[in-house]
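Please open the structure in your viewer and keep the selection panel at hand.

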Amino acid sequence: MPNVTAIALIPLLPLAGFLLLGLFGRKYLKNSSGLIGTVLLLASTILALYTAYEYFFVYGNVGGVYQKFVPLQLTWLEFSPGVSIDMGLIIDPISVMMLVVVTFISLMVHIYSLGYLKGEERFPTYFSYLGLFTFSMLGLVLASNIFQIYIFWELVGVSSFLLIGYYYDKPSAVAACKKAFIVTRFADLGFLIGILILSFSGGTLDFSTLIERLTSPESNAFKTAAASTFLGASALTWGAALVFIGGAGKSAMFPLHIWLPDAMEGPTPVSALIHAATMVVAGVYLVARLFPIFSITVPGVLEIIGWVGAISAIIAAIIACTQTDIKRVLAYSTMSQIGYMMFALGVSNYGGEAGLGYTASMFHLFTHAMFKALLFLGAGAVIHYVHSNDMKDMGGLRKLLPITHITFLIACLAIAGVPPFAGFFSKEEILLAAFQNNMAIYYIALITSGITAFYMFRLYFNIFWNKPHHAHGENKSEGGFVMMLPLILLAISAAAAGFIPFGEFVSSDGRLLESHFHLSFSIAPVALAVVGIFTALWLYKKENDKPAKFASSMGGAYKAAYNKFYIDEVYLFITKKVLFNLIGRPAAWFDKNVVDGLMNLIGTITEYISEGIKKIQSGRVQQYAIYFLGGVIFLAALFIYLLK
Amino acid sequence: MNGSTIIFYLLAAMALVFAALSVTTRQIFRAAIYLLFTLISIAGIYFWLQYEFIAAVQIVVYVGGIVVLIIFSIFLTQQTGEKLPKQKTDRKIFAGLAVFAGFALTILQIYQHTFFETDESAITPTVQNIGTKMLTVDNGGYALPFEVISMLLLAAMIGCIVIALREKKNIEPQRQEDREEHKRIV
Amino acid sequence: MEPGLYHILFLSTALFFIGVYGFLTRRNLITMLMSIELILNSVNLNFIAFNKYLWPNQMDGLFFSLFIIAIAAAEAAVAIAIIINLYRSHNSIDVENAEDLKY
């Protein structure tokens, strides 16, 4: 059986770090704060690895099926018998996998931050935020019921907000953190309504019970929910779709992706942790967690998920080709890769061979976390070195930053899907799943993978080759051991993670899934990737005017992509011009004049009355006597003549 | 109309007229004297009712005690011959209205009410009867209220002395200042 | 008409309200005290009248009057002490000047 203490300690150790550093960090632990946070997280990581080992190799597999355990369930808020919000821990293949990913990446980021943020004024605050984030993310992963996941979902949002706004004296960072918070909050509203609909239909908030009730067509809950319709769709469809909107907001799916590129205002390690490897995949995790419901009960919604994922993937990839801020390129690449995971879920079915997409999605989540964290940390090292985010200021850095160069190259190869790096295997499975289920999505994915290879190597060549680096005369090193160690560890993972037989551990129904390797099938994507890489090589290896010519030949299309297809402008138009004018202003007027006016009126009346009463309290005995006499006469008359 | 009736009406008229004068005159010393006459008239009514003891007490305590006390305090606090300040007219009107309403209401109630007399034989309130009753402790006796009243009188006496004691001079100016200060703040 | 209970009640009511009027309109504390004495006297008169006409077999009304007279004496003594004290501190016994006692 699972070791409850060990599992519970995994999220609680970062929480302890958060409390310790948050409360005492700035005063007493100024110098040791980073070390404390890192050590606590190291313990957490070891426990996570131990849990994973125990689960996958000791007790988890019963009769060829990975079991779902709920080793701890505390009733927190009981609404009525049977309906309560619990705080529990769930242990199943995906949560264990996520535990490992989150703790490992977080540990890497902690170590890296020791070097990256050295000498920062708010060093302890930063580490306490990281602890808070890690705690909430682990809580989200381990949540055993849908409301608990919502609570941690919001906590994750808050810590993301805090970390994006870490450089709070920078106006753009402040704007970005607000934007991220508002956009995800907006999506979370959908999530909350979805939770309410689903839990009302299912009569429970608990995942296992909910899935059980809502997937068996003969259960009462299912019949009732399927019977009640709204705007032509059943309650369950609405619930599932709204839950997905929450997931789409957190995972930056089109059209709710606008916050992610701006979120790059945060410190780079934070981008690596939150906006590449862990938090943004929460949406994918959520869909995976409720996958039986999506797959069996509401296949229509699952198809929407597939299309949203595919569209996000290709749009983000195209935008990424035109951006010059390296972190923004990586942000769009993240969005694109999450699109992959989403549509992999979208094209999957529940159970058996048809559940390949599910496994592929989780596999890609795993490998993506490794190589994307690596990319961000590598980019962080570059930014640390040149003090700029822009490609113009870079170039020719391969000699100056040898370790970063090699690890970055490995990550680029991994994300481009070149064998034998991790991305190849996971992407392969996704494409296979798409090929088997939906040809249109398959072609989109194929094109996207070619574009991915192109823009990643555009990034790579622009940073490390192209024009020679103009040294600023500063004698700088690559960043100490603490910054290089995570890069190396992550590079090893990114190179080797693909060889994990993932289907044996994670599948939609817990049974073993053989992953078949078709050599003939791999030719097309790999060939496209190679074409993309060579195009990038041709355009960006040496400094020349080919890219500029190419861009101008594309004309409006390039400009549109450069401006991110004007999606931000559309949002601004809708919010500023339409919402603010039509709803905001009348509401403000109403608030200012009617609501405030009412309050002011009450205040004024009270003031007048009290002024009057104040005069009554004059201290003049005879006045009091007159009031008294008048009162007595009035009451006497009242009782004698009126109230006999 | 016999002599008794005439005496009653005379006494009642005196009481009312002197009372009214007492509350309206603007010379305080005269007010005290009018009050004295009112009290004597009331004592006369007690005599008329054949409650001689209470009439005697009325004269001794009120006329001989309270009115003399009042006149002394007038001497202490007032320059004689100075007229009393006028009250505001609206206050007078309101007070008059309230008083008239109260009076009308009460009189109306009294005359609409029928009182029942007891038919048991009367006892004469002689001094002996009163004394016996006053010091009886068993049923219907007034020994306890008598004691309580004597305690009250003692307490009042001590209280008067304490209140009227001249305060120490050095505290006085300070107090005055405090009060001024307070007024300004308020 | 032979004077009876009602006459005396009328007399006492009139005295009572004359006293009340005086209490409400007088500004001098001593004259207010006089008004109170009037009020107390009217009450005494009531007690005696009821005793005389309704319950001649008992003497309770008489005793009440006696006690009221005693209390009135005590009250007058205390009131005059207070008035003199007030006169010392305010140099006036006008009730309008005593209004700052509320603080």
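**Where chain A touches chain C**

Select chains A and C together: eight residues of chain A are in contact with nine residues of chain C, two residues being in contact if their C-beta atoms, placed from the backbone, lie within 7 Å. On the chain A side of this contact there are four nonpolar, three polar and one charged residues, where Ala, Val, Leu, Ile, Met, Phe, Trp, Tyr, Cys and Pro count as nonpolar, Asp, Glu, Lys and Arg as charged, and the others, Gly among them, as polar. This is a predicted model, in which local features need pLDDT of at least 70 and side-chain atom pairs count only at pLDDT 80 or more, while totals for chains, interfaces and linings use all residues. Residues are numbered from 1 along each chain as its sequence is written, and chains are lettered from A and ligands numbered from 1 in the order in which they are written.

**Two helices of chain A**

Next select residues 299-320 of chain A, helix H14, and residues 439-464 of chain A, helix H19, which pack at an angle of about 25° with their axes 9 Å apart; axes are lines fitted to C-alpha atoms over the stretch in contact, and angles run from 0 to 180 degrees between N-to-C directions. Helices are DSSP runs (H or I, at least four residues), numbered from the N terminus. H14(A) and H19(A) are therefore roughly parallel, the term for angles under 35 degrees. Among the residues that meet are A:Ala310 and A:Ile314 in H14(A) and A:Ile444 and A:Tyr455 in H19(A). The residues of this contact divide into twelve nonpolar, three polar and no charged.

**Chain B**

Finally select chain B, which has seven helices and zero strands, a strand being a DSSP run of E with at least two residues.

Definitions and conventions:
Parallel < 35°, antiparallel > 145°, perpendicular 65-115°, else oblique.
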